[in-house]
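Please read it beside the structure, bearing in mind that the model is predicted.

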Amino acid sequence: MDYIEYIIIFVVLIIILLAILKANKKDAGLDLNKLVEYLGGKENILQTEIKLSRFIVTLKDISLANKDAIQKLGAKGIVEIDNQLKIILGPESKQLKKYIDDLK
């Protein structure tokens, strides 16, 4: 009978461990709301596109973009050309484009 108690405790611990791992994984992603805010808000975003791991965004006013904050949020690199930012985000580029397209 004692081994049943140990099995129940083991199963509960596994469930708790899985819940913790799932919560940590969710927090590891980009905060898309903050990223849009750092781009100057959705009104400042004219056009978006993705090319592999790069997220390319055309802005009305490039001076409203906070490149340092975008970098701290998880961008691996940012290149500014005229009124465009090319942000290297990795696989999260597609997710960000879909999120911004849904906002508009």
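Ser-93, Leu-96 and Ile-100 are the residues of helix 4 that are buried, and because the buried residues fall within an arc of 65° when seen down the helix axis, they line one face of helix 4. An α-helix has 3.6 residues a turn, so residues three or four places apart point the same way.

- Helix 4 runs over residues 92–103, and its 12 residues reach 17 Å from the first C-alpha to the last, which is close to the 16 Å expected at 1.5 Å a residue.

- Four strands form an open sheet in the order 1-2-4-3, and their pairing is antiparallel.
- Strand 1 and strand 3 (77–81) are the edge strands, each of them pairing on one side only, while the twist from one strand to the next averages 20°.
- Strand 3 pairs with strand 4 (residues 84–88) in the antiparallel sense over 5 bridges, and Gly-77 has Ile-88, in strand 4, as its bridge partner.

**Helix against sheet**

- Helix 4 packs on the sheet, where it touches strand 1 and strand 2, and the direction of helix 4 makes about 150° with that of strand 1.

Methods: Residues numbered from 1 in each chain as written. Predicted model: local features only at pLDDT ≥ 70, side-chain atom pairs only at ≥ 80, totals over all residues. Heavy atoms only, no water. Helix = DSSP H or I, 4+ residues; strand = E, 2+ residues; numbered from the N terminus. Expected span 1.5 Å × (residues − 1). Buried < 20%, exposed > 50% of the residue type's maximum accessible area, 1.4 Å probe, protein only. Arc of directions from axis to C-beta. Pairing = 2+ DSSP bridges. Axes fitted to C-alpha atoms, helices over the stretch in contact; angles between N-to-C directions. Contact = heavy atoms within 4.5 Å.
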